[in-house]
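User: I am new to this structure and would like to learn how to read its features one at a time. Please give me the general idea first and then the case at hand.

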Amino acid sequence: MRSYYHLHPKTAKTVLILAVIIVLLSIMAQRNYLLFHSIAEAMFILTATFVYLLALKTHKYSQDNYLLLIGISYLYISVLHFLHLLTYKGMGLFPELAENMPIQLSICWRLMESCTFALAPLVVRREISSFRIHCIYLTVTTVIIVAIVTQNFPACFIEGQGLTPFKIIGEYVAMATLGLALVIMRHRRDDINPFIWRIMIAAIILMIFQSLCYTLYTDVYGLMNFMGHILSIVSTAVIYQGIVVRGLEVPYDLIFSQLLKRQEELKKLSQHKSDFLANMSHEMRTPLTAIIALTDDLLLENRGPLTAEQEESLR
């Protein structure tokens, strides 16, 4: 059986394809930045949807709570991405919201994403309900959208000036939370599928640099905004290749790794039980052997004659 500890045999080909796509998108961004932005957002939305479906449909068999929480969160984060796409400057669908709303949505989903990545390793061994998780993320997403649409959310971008302190601080909070997620994942490494662990570590590091880029731009069509979206495309590709493609091509390794892990744990417990019973049997047998030998010795009257009552008791 091929192990998920080894690199995927098509990794080099995947990296080459990704590099070509990035070059083509970079050329496109110079000619039509809005189209480049729309493609970048669409890539994330599609990947997030696939991750959600894979996590939800396989949880019954894999019991992978880490992947389940990530998947459900991505469903609602993709909703914010979709609204961000529709309201971006130049789309023309909501011109009265195009200046601020896309940036507000972006900081919200990054904070939601970073918090999810920090919490996910902590729920691996807990009993969780997908319905409750849906309710929590639906509530948070609804509150965010209502607050932004009703203009009760702090401004994040001012045309001609750039990012507001709230937006910049929010990005640094997201980076710090992602850093915390890396620390937690390192301590909980044994609880997470090894292949998913490596994929998510790489994706989180890319997201930290992505947030850094999003603290430096003054123009939504500028260089640092472009670099942030390139890093978003790469992190999305890493997650897609690592979770979606890997989950479809090698489902036994990826989806059922938790079952295999639990099977090994049960084998160890069974061995411990056998060792315990063997030791207990030996400990119980040792004094019984001495008692039986002493009884036989008394019955043979090697130590003197027995009364009828003593002989009856020994028998």
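User: Does Q151 count as buried or exposed, and what is its relative accessibility?

Analyst: Buried means under 20% relative accessible area, exposed means over 50%, and partly exposed lies in between, with a 1.4 Å probe and protein chains only. Q151 has 64% relative accessibility, so Q151 counts as exposed. Q151 also has a positive phi of about 60°, although it is not a glycine. Its place is the loop between α5 and β1.

Some ground rules apply to what follows. This is a predicted model, in which local features need pLDDT of at least 70, side-chain atom pairs count only at pLDDT 80 or more, and totals for chains, interfaces and linings use all residues. Residues are numbered from 1 along each chain as its sequence is written, and side-chain values use heavy atoms, with hydrogens and water left out.

User: How many helices and strands are there in the protein?

Analyst: Helices (H or I, at least four residues) and strands (E, at least two) are DSSP runs, numbered from the N terminus. The protein has 11 helices and 2 strands. Along the sequence the pattern reads α-α-α-α-α-β-β-α-α-α-α-α-α. Of its 315 residues, 44% count as buried.

User: What span should the 19 residues of α4 have?

Analyst: The expected span of a helix is 1.5 Å times one less than its number of residues. For α4 this gives 27 Å, and its end C-alpha atoms are 27 Å apart, which agrees. Helix α4 is mostly covered, with 16 of its 19 residues buried.

User: How many aromatic pairs does the count come to?

Analyst: A pair of aromatic rings is described by the distance of the centres and the angle of the planes. Rings of Phe, Tyr and Trp (its six-membered ring) pair if their centres lie within 6.5 Å; planes under 30 degrees apart count as stacked, over 60 as edge-to-face and the rest as tilted. The count comes to 11 aromatic pairs. One of them joins Y74 and F117, a tilted pair at 6.3 Å centre to centre with 50° between the planes. This pair links distant parts of the chain, since Y74 is in helix α3 (residues 65-87) and F117 in helix α4 (residues 101-119), 43 residues apart. Y74 is buried at a relative accessible area of 1%, and F117 is buried at 0%. Another pair, F153 and F166, is edge-to-face, at 5.6 Å centre to centre and 85° between the planes. F166 is partly exposed, with a relative accessible area of 36%.

User: Which residues touch the most other members of the largest nonpolar core?

Analyst: In soluble globular proteins, nonpolar side chains tend to be buried together. A nonpolar core is a set of buried Ala, Val, Leu, Ile, Met, Phe, Trp, Tyr and Cys residues joined through side-chain atoms within 4.5 Å. The largest one here has 75 residues, and F36, Y66, Y74, F117, M185 and M200 touch the most other members. Its largest share, 11 residues, comes from α7.

User: Leaving aside its neighbours within four places in sequence, what is Y66 in contact with?

Analyst: Contact means heavy atoms within 4.5 Å. Y66 is in contact with A120, P121, V124, M185, I192, I196 and M200.
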